[in-house]
Amino acid sequence: MIKARLKKTKYGLSGFVITGHADAAAYGQDIVCAAVSALTITTANSLSQIAGLHPQIDQNETQGGYLAVQLSAVEQKNQRGQILLQNLQLGLAEIANEYQDYVTLQS
C-alpha cells in the first residue's frame, strides 16, 4: 500500500512523504503506482522549475517506494509553492478515494 502524508505548518503545506508500493497490478502495469509517481515527481520538479524553490528531496533510488520533499521555513511562505502542494493534495485525495485498497492519504 502507498502511504502519502502531507506535512503542514502554520503557513500551509510544507512538504510530503510517500512510502510503499500500491501492488495493484504487476510491475509496469500498476496504474495506481504510476499515477501517484507522476503526481509526486511532477510536484517535486515543479517546486524547483516553476516556483523557483529549492526543496530538500530524499528518495530511494534503487528500490523506489520512498520520496520525501520538504520546503524550508522561508519557502513555505511562497504562494506558487503552496498552490503546487495544494494541487498535489487534491490529486492524491482523488486517487486515495478511488483506490482505497492501495493508497492512504494523511494530511
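Strand S1 (residues 2-9) and strand S2 (residues 12-19) pair in the antiparallel sense over 7 bridges, where strands are DSSP runs of E with at least two residues, numbered from the N terminus, and two strands pair if DSSP finds at least two bridges between them. Within this pairing, Leu6 has Phe16 in S2 as its bridge partner.

This is a predicted model, in which local features need pLDDT of at least 70 and side-chain atom pairs count only at pLDDT 80 or more, while totals for chains, interfaces and linings use all residues. Residues are numbered from 1 along each chain as its sequence is written, and side-chain values use heavy atoms, with hydrogens and water left out.

Both strands belong to an open sheet of 5 strands with mixed pairing, in the order S3-S4-S2-S1-S5. Its edge strands, each of which pairs on one side only, are listed here.

| Edge strand | Residues |
|---|---|
| S3 | 56-59 |
| S5 | 103-106 |

Thr9 is placed in strand S1 and is partly exposed, with a relative accessible area of 32% (buried means under 20%, exposed over 50%, partly exposed in between, with a 1.4 Å probe and protein chains only). Not counting residues up to four places away in sequence, Thr9 touches Ser14 and Gln76, contact meaning heavy atoms within 4.5 Å. Thr9 and Asp30, 21 residues apart in sequence, are separated by 33 Å in space, C-alpha to C-alpha.

How values were computed
Helix = DSSP H or I, 4+ residues; strand = E, 2+ residues; numbered from the N terminus.
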